[in-house]
Amino acid sequence: MGAGVVITQLIYLHPGKQEVFEAFEAVARGVLGRYGGELLLRCRGERIAGTLREPDEIHVVRFPDEGALQGFLRDPERAAVMGWKEEAVREVVTVREG
């Protein structure tokens, strides 16, 4: 198996919305494995302090292929809580490889 599809996200939250975002993440992490996805890295808070624009979190996720990524993005359970993500996140910078 090759590298698959790797997604890196710099995530900037609205002030006071960390708990809402964590609730979304809990669901998303549960769905991730259904599609062969792996959370390779999750950094938050002080571990990433000092960057030019300090994101609240950095995620690196890998999927085996495009079909797996699309399945994850369209998953009904994840879709049901996307409003939580939209409420909590003010900006996301995404870098895709593969």
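Helix H1 is the element that gives the most to the lining of the largest pocket, contributing six residues. The structure is a predicted model, in which local features need pLDDT of at least 70 and side-chain atom pairs count only at pLDDT 80 or more, while totals for chains, interfaces and linings use all residues. Residues are numbered from 1 along each chain as its sequence is written, and side-chain values use heavy atoms, with hydrogens and water left out.

The chain contains four helices and four strands, arranged from the N terminus in the order β-α-β-β-α-α-α-β. Helices (H or I, at least four residues) and strands (E, at least two) are DSSP runs, numbered from the N terminus. Of the 98 residues in the chain, 34% are buried; buried denotes under 20% relative accessible area, exposed over 50%, and partly exposed the range in between (1.4 Å probe, protein chains only). The accessible surface of the chain is about 5,800 Å², with 54% belonging to carbon and sulfur atoms; areas come from the Shrake-Rupley method with a 1.4 Å probe, and for residues only the protein chains shown count as cover. Among contacts (heavy atoms within 4.5 Å) between residues at least 6 apart in sequence, 75% join residues at least 24 apart.

The volume of the largest pocket is about 370 Å³. Of its 19 lining residues, Gln9, His59, Val61, Phe72 and Arg78 are the closest to the centre. Two or more lining residues come from each of strand S1 (5-13), helix H1 (18-32), strand S2 (38-44), strand S3 (57-63) and helix H2 (66-74). A pocket is here an open set of points on a 1 Å grid over the protein atoms alone, where a 1.4 Å probe fits and protein lies on both sides within 12 Å along at least five of seven lines; lining residues have an atom within 4 Å of a point. Grid points are joined across faces, edges and corners, and the volume is the space filled by probe spheres set on the points. The lining comprises twelve nonpolar, two polar and five charged residues, where Ala, Val, Leu, Ile, Met, Phe, Trp, Tyr, Cys and Pro count as nonpolar, Asp, Glu, Lys and Arg as charged, and the others, Gly among them, as polar.

The largest nonpolar core has 18 residues, and those with the most contacts inside it are Leu13, Phe21, Phe63 and Phe72. At least two core residues are supplied by each of S1, H1, S3 and H2, and the largest share, six residues, comes from H1. Such a core is a set of buried Ala, Val, Leu, Ile, Met, Phe, Trp, Tyr and Cys residues joined through side-chain atoms within 4.5 Å. Not counting residues up to four places away in sequence, Phe72 touches Ala28, Val31, Leu32, Tyr35, Phe63 and Arg78.

Glu22 counts as partly exposed because its relative accessibility is 30%, whereas Glu25 is buried because its relative accessible area is 5%. With residues up to four places away in sequence not counted, Glu22 touches Arg42 and Arg44, and Glu25 touches Arg42, Arg44, Glu57 and His59. The C-alpha atoms of Glu22 and Trp84 are separated by 9.2 Å, although these residues lie 62 residues apart along the chain. Pro64 is located in the loop between S3 and H2 and, at 28% relative accessibility, is partly exposed. Pro64 and Tyr35, 29 residues apart in sequence, are 8.2 Å apart from C-alpha to C-alpha.
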